[in-house]
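This briefing goes through a protein model helix by helix. It is meant to be read with the structure open.

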Amino acid sequence: MTGRTEWPGDGPDSSRAEKAPPPQEPAERARAICLRLLTGSPRTRKQLADALRKKEIPDEVAEEVLSRFEDVGLIDDAAFAGAWVESRHHGRGLARRALARELRTKGVEQTLIQEAVERLDSEREEATARELVDRKLRATRGLDRDRRLRRLAGMLARKGYPEGMALRVVRQALEAEGEDTDGLDEPF
């Protein structure tokens, strides 16, 4: 005997590092997966369901865990949609149409999307469009009027602003700079 206490499984043939942890119950795994994902950032129920499906958690177990998380308020698609709209509109200048599209891809129900994007009124949306154009206006100086119009209106279109609003906002910004905007009423 070497004076060292031997533990079961110790010996030349085994090491603790090689042993797999005991298998977890599917519900336990599902809770751990959801908690880990929710720790990083808020998620929709669909995003969590997709993650559980990818980890091969049985559907009935996933449904039970997700329902429990909803009951205790860890999953709240309405709050997620509201926060998403506020954050992405303020941070990226996205319009209601683009925000609704993003929320649909995240699996938020249409009624919740509608409620969230309706909080963003058209006056605020237009004010944000003006701010975006004002920031980009300087970079277009020196270009001909039509090219400036296309660039600025295209930028707003990519962010989900309606064509009419985009054209109006860009036209007003160009007029404020002294640019002649006669003939710019045609759609771009």
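A81 sits in helix α4 and, at 0% relative accessibility, counts as buried. Leaving out residues up to four places away in sequence, A81 touches L103, V108, L112 and A116. The C-alpha atoms of A81 and A100 are separated by 9.1 Å, and the two residues are 19 apart along the chain. The model is a predicted one.

- Helix α4 covers residues 77–92.
- The 16 residues of α4 should span 22 Å at 1.5 Å a residue, and the end C-alpha atoms are 21 Å apart, which agrees.
- Which residues of α4 are buried? They are D77, F80, A81, G82, V85, R88 and H89.
- The cover over these buried residues includes α2, α5 (96–105), α6 (110–118) and α7.
- R88 is another residue of helix α4. Its relative accessible area is 19%, and R88 is therefore buried, the cut-off being under 20%.
- With neighbours within four places in sequence left aside, R88 is in contact with G93, L94, L99 and E102.

- A pair of aromatic rings is described by the distance of the centres and the angle of the planes.
- The count of aromatic pairs comes to one. The ring centres of F80 and W84 are 5.7 Å apart and their planes are at 20°, so this pair is stacked.
- The cut-offs behind that call are centres within 6.5 Å for a pair and planes under 30 degrees apart for stacking.
- F80 and W84 are four residues apart in helix α4, and so about one helical turn separates them.
- An α-helix has 3.6 residues a turn, so residues three or four places apart point the same way.
- F80 counts as buried because its relative accessibility is 8%.

- Two packed helices are described by the angle between their axes and the distance between the axes.
- The axes of helix α2 (residues 45–54) and helix α3 (residues 59–71) cross at roughly 145° and come within 10 Å. The crossing of α2 and α3 is right-handed.
- On the α2 side, the contact is made by R45, L48, A49, L52 and R53. On the α3 side, D59, A62, E63, L66, S67 and E70 take part.
- Sorted by class, this contact of α2 with α3 has five nonpolar, one polar and five charged residues.
- E56 lies in the loop between α2 and α3. At 67% relative accessibility, E56 counts as exposed, since the cut-off is over 50%.
- Phi of E56 is near 60°, a positive value in a residue other than glycine. Most residues other than glycine have a negative phi.

- Helix α9 runs over residues 163–176. At 1.5 Å a residue, its 14 residues should span 20 Å; the end C-alpha atoms are 20 Å apart, which agrees.
- The buried residues in α9 are M165, A166, L167, V169, V170, A173 and L174.
- What do the buried residues of α9 pack against? Their partners are α7 (122–137) and α8 (145–158).
- L149 lies in helix α8 and is buried, with a relative accessible area of 7%.
- L149 and L174 are 25 residues apart in sequence, and their C-alpha atoms are 8.3 Å apart in space.

**The chain as a whole**

- How many helices and strands are in the protein chain? There are nine helices and zero strands.
- From the N terminus on, the order of the elements is α-α-α-α-α-α-α-α-α.
- The protein chain has 188 residues, of which 36% count as buried.
- Among contacts in the protein chain with a separation of 6 or more, 60% are between residues 24 or more positions apart.

Definitions and conventions. Residues are numbered from 1 along each chain as its sequence is written. This is a predicted model: local features need pLDDT of at least 70, side-chain atom pairs count only at pLDDT 80 or more; totals for chains, interfaces and linings use all residues. Side-chain values use heavy atoms; hydrogens and water are left out. Rings of Phe, Tyr and Trp (its six-membered ring) pair if their centres lie within 6.5 Å; planes under 30 degrees apart count as stacked, over 60 as edge-to-face and the rest as tilted. Helices (H or I, at least four residues) and strands (E, at least two) are DSSP runs, numbered from the N terminus. Buried means under 20% relative accessible area, exposed over 50%, partly exposed in between (1.4 Å probe, protein chains only). Axes are lines fitted to C-alpha atoms, for helices over the stretch in contact, and angles run from 0 to 180 degrees between N-to-C directions. A crossing is left-handed if the near helix is turned anticlockwise from the far one by less than a right angle, and right-handed if clockwise. Contact means heavy atoms within 4.5 Å. Ala, Val, Leu, Ile, Met, Phe, Trp, Tyr, Cys and Pro count as nonpolar, Asp, Glu, Lys and Arg as charged, and the others, Gly among them, as polar. The expected span of a helix is 1.5 Å times one less than its number of residues.
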